[in-house]
Amino acid sequence: MLDQNFTIAELDRRSEHFDLALAKPYQVWREKKLMSLQNGELIQRSINISTFPDVSKEEIEEIKAQCTDHGVAFYHLDSDQSPSKISTNDLRVFAKTLGLLILDYHHCTEEDGISVLSVSENPKKKSFIPYTNRGLGWHTDGYYNQPQQQIRTMILHCVQPAAAGGENELLDHELMYIQLRDESPQIIEALMQTDCMSIPSYIDSDGNKRIESKGPVFYIDSSTGNLQMRYTARKHNITWKDNKETKEAALAITKLLNNENSYIHKHQLKAGEGMVANNILHNRSPFIDNSDTKRLVYRARYYDSLATINTEQ
Ligand SMILES: [Fe+2]
């Protein structure tokens, strides 16, 4: 169930550590966040789901806790379940059990709202990198969406990994926020401008028009008080605000993503393994299929946030 009962005061309290005018709340939050990286490990153990797609209360709590601490939780099917038998409907049931209900539909999702990511010969899909074996650059999902269509949670579930490649790199955007704010609060200020980054309008092969998306890179989610990020590393069909502060801020992000960064976590999903994430930064390396082994990953994107789901109800 979604808890929509936050008052304005409660929302302010939940997000005051992101207020650039307040140093103390930021320092407290920063310390707590960095403390959660236990023993220097970015990600804790993968959670065993005993009867996928049904999730126990304890498993839900573990997924939520890891998403809170690390922005992502990894899970895997119990060993007596066959990864190849999992359907897109199973993924929907799994997500629903977590309290995730409102799927983001776009023109390449299946009718049930789940995207089946594999190398496709479908003319509608093959011009989009997720449906090829090419690498995907750093991004958050739905960076081109409108404000009312924010992706707050995404799930990737691997039915079959590629013969080689297809690794994900992940970076919790809260950690990137810390890195950037520690470098200079002016970087954060530039990235929170509402006209910071624009994605132009687009017409798909079915003639559907997606209108221009203009907004900040970092923003506070008005329904949770959480920090959200809207970002793509792509160089074409993107317009950054034309001033020095924004260009320097965009360059600071690029450096953190492309240079050695101990907060970047690499992970190659195995068959029957998946991740639930607070739409943190991620990419995908190129991969190679062969006649026996073709990469197949289900992707579900939700407007719901795990942060607002109360499992007591
Ligand atoms: Fe993605």
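This is a predicted model: local features need pLDDT of at least 70, side-chain atom pairs count only at pLDDT 80 or more; totals for chains, interfaces and linings use all residues.

Reader: What are helices and strands here, and when do two strands pair?

Author: Helices (H or I, at least four residues) and strands (E, at least two) are DSSP runs, numbered from the N terminus. Two strands pair if DSSP finds at least two bridges between them. Take S5 and S16: they run antiparallel, joined by 5 bridges. S5 is also joined to strand S19 (residues 296–302), again antiparallel, by 7 bridges. There, Met154 has Arg301 as its bridge partner.

Reader: How many residues of strand S5 (residues 153–160) are buried?

Author: First the cut-offs. A residue is buried if 20 or more other C-beta atoms lie within 10 Å of its own, exposed if 12 or fewer, and partly exposed in between; C-beta atoms are placed from the backbone. In S5, 7 of the 8 residues are buried, so the strand is largely enclosed by the rest of the structure.

Reader: Which residues cover the two faces of S2?

Author: Val72, Phe74 and His76 lie on one side, and Ala73, Tyr75 and Leu77 on the other; all are buried. That is 6 of the 6 residues of strand S2 (residues 72–77), so S2 is largely enclosed by the rest of the structure.

Reader: What are the partners of S2?

Author: Strand S1 (residues 47–49) pairs with S2 in the parallel sense over 3 bridges. Asn48 stands opposite His76. Strand S16 (residues 273–277) runs antiparallel to S2, with 5 bridges. Tyr75 has Gly274 as its bridge partner in S16.

Reader: What unit do S1, helix H3 (residues 57–70) and S2 make?

Author: A crossover is right-handed if, with the strands pointing away from the viewer, the path from the first strand over the helix to the second runs clockwise. S1, H3 and S2 make a right-handed β-α-β unit.

Reader: In what order do the strands of the open sheet run?

Author: The order is S4-S17-S7-S15, 4 strands with antiparallel pairing. Strand S4 (136–139) and strand S15 (265–267) are the edges, each pairing on one side only. S4 pairs with strand S17 (residues 281–284) over 2 bridges. Leu136 stands opposite Arg284 there.

Reader: Now a helix. Which residues of H7 are buried, and which are exposed?

Author: Ala249, Ala250, Ala252, Ile253 and Leu256 are buried. Down the axis of H7, the buried residues fall within an arc of 155 degrees (taken over the directions from the helix axis to the C-beta atoms), so they line one face of the helix. On the other side, Lys244, Leu251, Thr254, Lys255 and Asn258 are exposed.

Reader: What covers the buried residues of H7?

Author: The cover includes helix H5 (173–183), helix H6 (185–191) and strand S14 (239–240). Here two residues are in contact if their C-beta atoms, placed from the backbone, lie within 7 Å.

Reader: Where is Ile264 found, and is it buried or exposed?

Author: Ile264 sits in the loop between helix H7 (244–258) and S15. Ile264 is buried, because 20 other C-beta atoms lie within 10 Å. Leaving aside its neighbours within four places in sequence, Ile264 is in contact with Glu169 and Leu171. The C-alpha atoms of Ile264 and Asp172 are separated by 7.9 Å, though the residues are 92 apart along the chain.

Terms used:
Residues are numbered from 1 along each chain as its sequence is written.
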